[in-house]
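Biologist: I am new to this structure and would like to learn how to read it step by step. Could you take me through it, giving the general idea before each case?

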Amino acid sequence: MNKETMIAIPADPNDPEDFPVSVAGLERANMGRRFRILRHHLGMTQVEFADAFGIPVANLRQYELARHMPPPAVRAYLTVIEAEPEMVRRVMAQAAAKAAA
């Protein structure tokens with residue numbers, strides 16, 4: 001069965017503004033939460049995080065709003081950033097300096 005059509009959380013029938021949440025939607029929301037939690041832990045805005053780690057800010061916003069699931073490479077990169085944020089920032093800054101030279 002398709003994760004977009006499988007319902008993880010049904011809508012509350014007593015709330016006309018509520019809607020069901022699919023399994024895929026729940027997975028996107030949890031991924032967006034990981035980005036947000038890490039970004040807040042690092043004390044960064046979306047723009048600062050995007051600039052520091054080379055992720056387009058528009059993409060970051062879509063991930064945090066659970067509109068899109070990041071591709072597998074971005075999910076793997078997030079795991080690396082979570083584990084070693086300072087190392088990744090340093091490497092990205094060095095790469096940017098080389099590119100600018």
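Biologist: How many helices and strands are there in the chain?

Modeller: Helices (H or I, at least four residues) and strands (E, at least two) are DSSP runs, numbered from the N terminus. The chain has five helices and two strands, and from the N terminus on they follow the order β-β-α-α-α-α-α. The radius of gyration, taken over C-alpha atoms, is set against a globule rule of 2.2 Å times the number of residues to the power 0.38; here it is 17 Å, well over the 13 Å that the rule gives for 101 residues, so the chain is more spread out than a compact globule. This is a predicted model, in which local features need pLDDT of at least 70 and side-chain atom pairs count only at pLDDT 80 or more, while totals for chains, interfaces and linings use all residues. Residues are numbered from 1 along each chain as its sequence is written, and side-chain values use heavy atoms, with hydrogens and water left out.

Biologist: Is Ala24 buried or exposed?

Modeller: Buried means under 20% relative accessible area, exposed over 50%, and partly exposed in between (1.4 Å probe, protein chains only). Ala24, found in helix H1 (residues 23-41), counts as buried because its relative accessibility is 9%. Of the 101 residues of the chain, 27% count as buried.

Biologist: Which residues does Ala24 touch, not counting those up to four places away in sequence?

Modeller: Contact means heavy atoms within 4.5 Å, and with that exclusion Ala24 touches Lys3 and Glu4. C-alpha to C-alpha, Ala24 and Met69 are 8.6 Å apart in space, although 45 residues apart in sequence.
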